[in-house]
Amino acid sequence: MKRVIVGLSGGVDSSVAAYLLKAQGYEVIGLFMKNWHDDSVTISDECPWLEDSNDAMLVADKLGIPFQTVDLSVQYKERIVDYMFNEYEKGRTPNPDVLCNREIKFDVFMDIALELGADYVATGHYCRKGTIEKDGKQIHQLLAGADDNKDQSYFLCQLSQQQLAKALFPIGELQKPEVRAIAKAQGLITAEKKDSQGLCFIGKVRLPEFLQQQLKPKEGHIVEVADTFEMYSQVLPQFDSKENELEFLSKKPIYHLTDGTVVGKHQGAHYFTKGQRKGLGVGGTVEPLFVIDTDVKENIIYTGQGKQHPGLYRNVLFVTNEELHWVREDLALKDGETMSVMARIRYRQNLEKATLYKVNSGMYVEFENKQSAITEGQFVAWYLEDELLGSGVIS
């Protein structure tokens, strides 16, 4: 009998995952990860982890499976929180959920599970795993979840073959309403529970306050750049190679204080991210202001009116070799090779046509259509049909 350790989060998805595995004849153990202790930044009337761990325990009890809590807060702080602060200080915008899967659930947590004699680790993610034979070797595929609205393959875009080999995603073939119906039929306390928001396991955190603990506020200017700014209408130079063209197009514009009008003040450029609209506190514009760039060195936020502002759009991005990751190592491009794919630069974004160009220093992703708010530090993930092949950090 194969032993599976399920990361029970206290939500409906992982509860049903545990139920299905038990029904399939696995020996199932439920493990709740506690990743956070500092309640000063969580919205305190909903003490999330206590309530969640309690729900997880009640679900395990109902299913008749062993249950325990593991405290991973030290590793979480080192690998996720410190990394986030570091990225924000550089003016990049990290994705804690992607990291949490790579560093915590499928690394630290997986190690604990394997020490407990587990054959597999299971989570309540909406994605599927495929396994194919190639040249006599088993290769694991990371496939989109069957529920298009809920597909979470993007969050797992940094997993390796070794991690996928040990992973199970029991609800990947189901639609969300089916998952709720199963939970209800089994009398699980989580059946009607709302989907969790907020950082992976910190619970509902107010991100600016969370950042303010480490990143000191410092006042700076908010500058509005007009959509008629000459840089937006410049004629493209002639390029002697595709690589030169891609390099040119992937560079983000460099703004200066004199490129626009000062329209307000902010408390720290590192609290803001490209494409952000809320929190600027500047009124009186015809269309709302969106952040088109942040300069953490000069502590200036550049904004433009409306979500069609040309400062928000680019169609080429670059990933360095160090931050390039192939789930399908066997399909990794060699220098000079290209691949037509579908790609996305954030969760819930529709897949868009793109071409990958591998060069000596990394890889360019050229989208057929311009993309809004390509943000450094976020992950780009690329697919062939419903299979996620790889991902990288936008540099």
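Predicted model: local features only at pLDDT ≥ 70, side-chain atom pairs only at ≥ 80, totals over all residues.
A word on terms before I start: a strand here is a DSSP run of at least two residues, labelled E, a helix is a run of at least four, labelled H or I, and both are numbered from the N terminus.

I'll begin with the open sheet. Five strands make it up, in the order E3-E2-E1-E4-E7, and they pair in parallel. Strand E3, residues 67-71, and strand E7, residues 167-168, are the edges, since each of them pairs on one side only. Helix H1, residues 12-23, packs on this sheet and touches E1, E2, E7 and strand E4, which is residues 120-122. The direction of H1 makes about 170° with that of E1.

Look at one pair in that sheet. Strand E1, residues 3-7, and strand E2, residues 27-34, run parallel and are joined by five bridges. To find a place to look, take Val-6: its bridge partner in E2 is Gly-30.

Which residues of H6 are buried? Lys-176, Val-179 and Ala-183 are. These three cover an arc of only 60° around the axis, so they sit on the same side of H6. As a reminder, an α-helix has 3.6 residues a turn, so residues three or four places apart point the same way. H1 is included in what covers the buried residues of H6. Pro-177, Lys-184 and Ala-185, on the other side of H6, are exposed. Just after H6 comes Gly-187, with a positive phi of about 65°.

Next, strand E18, residues 387-393. Seven of its seven residues are buried, so the strand is largely enclosed by the rest of the structure.

Most residues other than glycine have a negative phi. Asn-299, which is not a glycine, has a positive phi of about 60°. Asn-299 lies in the loop between strand E10, residues 289-295, and strand E11, residues 300-305. Arg-348 also has a positive phi, near 70°. The loop that holds Arg-348 runs between strand E14, residues 338-344, and strand E15, residues 352-359.

Is Asn-299 buried or exposed? Its relative accessible area is 6%, so Asn-299 is buried, given that buried means under 20%. For Arg-348 the relative accessible area is 51%, so Arg-348 is exposed, the cut-off for that being over 50%.

Last, the record. An unreviewed UniProt entry annotates residues 251-304 as "domain: tRNA-specific 2-thiouridylase MnmA-like central". In the model this span is 0% helix and 33% strand. The C-alpha atoms at the ends of residues 251-304 lie 19 Å apart.

Methods. Residues numbered from 1 in each chain as written. Heavy atoms only, no water. UniProt positions renumbered as here; feature names shortened; annotations may be inferred. Pairing = 2+ DSSP bridges. Contact = heavy atoms within 4.5 Å. Axes fitted to C-alpha atoms, helices over the stretch in contact; angles between N-to-C directions. Buried < 20%, exposed > 50% of the residue type's maximum accessible area, 1.4 Å probe, protein only. Arc of directions from axis to C-beta.
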